[in-house]
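Please consult the sequence and structure shown below while reading.

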Amino acid sequence: MNSARLDPLTSWNADWSGLRVAVLGLSVTGFSVADTLAELGADVLVLTERADEEYARLLPVIGARLWTGSLDEVPAELVDHRPEVIVASPGFAPAHPVIAWAQREGIPLWGDIELAWRVRDKVLRPDGTPADWVMITGTNGKTTTTSLTATMLAAGGLRAAPCGNIGVPVLDAVRDPAGFDVLVVEVSSHQLWYLSLQNGPEPLSPYASVCLNLADDHLEWHGSAAGYRDAKAFVYQNTRIACVYNKADAATRLMVEEAEVVEGARAIGFDLGVPGPSDLGVVDGILVDRAFLEERRSSALEIITVDELSGYGLAAPHVVANILAASALARSLGVSPADIRTALGTFRLDPHRIEVVATAAGVTWVDDSKATNPHAADSSLAAYPGAVWIVGGLLKGVDISALVAGRGRRSKAAIVIGADRSAILAAFSRHAPEVPLFEVDPAQTEDVMAQVVEVASQVASDGDVVLLAPAAASFDQFASYSDRGRLFAEAVRNRIERDAGGRDDATGPAGA
């Protein structure tokens, strides 16, 4: 449906005027979509259950209309609009009533990534071509790898913009008048699912792409592990130069093998082991490249040592893996090992990613609130074996048993928080009954982290690590994972200040 109207719309300079578009959602992504389409002259109706006051004020200014209300049923206003295409924000799952209705009606569904690709030529490079795209996904490590890659590209003299799921909408980067050589696009499985629906005349074709890893996550959104996997795999579709995959994760290798790519695209592997030709890896504590050099069958290029990374706080195994993936992407674009090394000397992890909050009385407190699923928490526990583990929140339909039976059983103790704590307690009971358990009542949201820190301070002793790696989403008790991490850090510092002042008024552990 509507192919005759939509197929020609593959350029900023195409005729978008009067195109009837419904935009679902009014977050930062939804607003960027509405703003772009309004600038193009489309007839834009935005539908959302709740509207941010600032965005709601701006919509009529840019020439778009707003409807707010329940989307549990298809609004009459949407039907009356007779949209020729619907552009949905990533939060709208395939089973959402409006999405299901659109598919029944044969109305094309786009995400913001599809729209951004179609208008990518708004600002061109000096040679008259649009910016190249590098696509990054994976269950964990996306944001870190996106930031790393952009930093490496910049060190190599390229104008690079990290965008997408990292927080800056791709459409904002596409429309930036400064222009870029490369867009480093972090894409979620939600965005990739919408992208996979497209069969237009000029499908997205990234310069290079990577799926960092795969583990069950967002199953309630995709409906199954297979659906989640298939969405992630779409990142490799139509890749032109380099398909980077994780040699330690067979699922990513299979994705590359099955992908329809541009002829000549190479498969580039990475892991923490000794690399083969066409791989990046680690040899005797040195990160090396055996993929992007002529003599790759007999030699390798040194990038940086693990000891150097340790001095930058970047030596945790999963961070080293992210560095190798980013290095592969940067090398595919011609960035030298020396420039990559320079970039790593300036790079620092974002807050709430294995961030050391404080060390006091021999106890190190680590905030990895970004570990919002078991796969991410597994990496954290691998970096800090034997830690006092703070775990819990919303599990999003994912079973935590394997994590508890594996890394979790080595914990000195576990402090369980959050709405889904019963499932976590049951997993410990079955798989790690020897680990002491402490439970913090989730009803006490305002001071939950203060209580957690009090419990941890009673359990931890000289030489221990207290690790916040929840393996779960935060929205049951906190505004976001960053809010959860911030409150944890505040509670830690408050406790240390009290101890330093000789006013240790801590209570005993919560009930086990």
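In this predicted model, 31 residues line the largest pocket, and those nearest its centre are Asn165, His190, His218, Phe475 and Tyr481. The volume of this largest pocket is about 1000 Å³. The second largest pocket holds about 590 Å³ of space. The closest residues to the centre of that second pocket, out of 31 in its lining, are Asn140, Asn213, His318, His375 and Ser379.

**Pocket linings**

- At least two lining residues of the largest pocket come from each of helix 7 (142-155), helix 9 (189-196), helix 10 (219-222) and helix 11 (225-233).
- The lining of the largest pocket comprises 14 polar, 9 charged and 8 nonpolar residues.
- For the second largest pocket, helix 7, helix 14 (317-332) and helix 16 (374-383) each contribute at least two lining residues.
- The lining of the second largest pocket consists of 12 nonpolar, 12 polar and 7 charged residues.

**Cavities**

- The structure contains 2 cavities of 30 Å³ or more.
- By class, the residues around the largest cavity are 8 nonpolar, 2 charged and 1 polar.
- The second largest cavity has a volume of about 40 Å³, with a lining made up of Leu381, Tyr384, Pro385, Gly386, Ala387, Arg407, Arg410 and Ser411.
- Around the second largest cavity there are 4 nonpolar, 2 polar and 2 charged residues.

**Serine 482**

- Serine 482 belongs to helix 20, which covers residues 481-500.
- Serine 482 is classed as partly exposed because its relative accessibility is 29%, a value between the limits of 20% and 50%.
- The side chain of serine 482 makes a polar contact of 2.8 Å with the side chain of serine 480.
- Serine 482 and glutamate 114 are 368 residues apart along the chain, and 29 Å separates their C-alpha atoms.

Technical notes. Residues are numbered from 1 along each chain as its sequence is written. This is a predicted model: local features need pLDDT of at least 70, side-chain atom pairs count only at pLDDT 80 or more; totals for chains, interfaces and linings use all residues. Side-chain values use heavy atoms; hydrogens and water are left out. Helices (H or I, at least four residues) and strands (E, at least two) are DSSP runs, numbered from the N terminus. Buried means under 20% relative accessible area, exposed over 50%, partly exposed in between (1.4 Å probe, protein chains only). A polar contact is a pair of N or O atoms within 3.5 Å; within protein, one must be able to donate a hydrogen and the other to accept it, and residues adjacent in sequence count only if both atoms are side-chain atoms. On a 1 Å grid over the protein atoms alone, a cavity is a set of points where a 1.4 Å probe fits but cannot get out, and a pocket is an open set with protein on both sides within 12 Å along at least five of seven lines; lining residues have an atom within 4 Å of a point. Grid points are joined across faces, edges and corners, and a volume is the space filled by probe spheres set on the points. Ala, Val, Leu, Ile, Met, Phe, Trp, Tyr, Cys and Pro count as nonpolar, Asp, Glu, Lys and Arg as charged, and the others, Gly among them, as polar.
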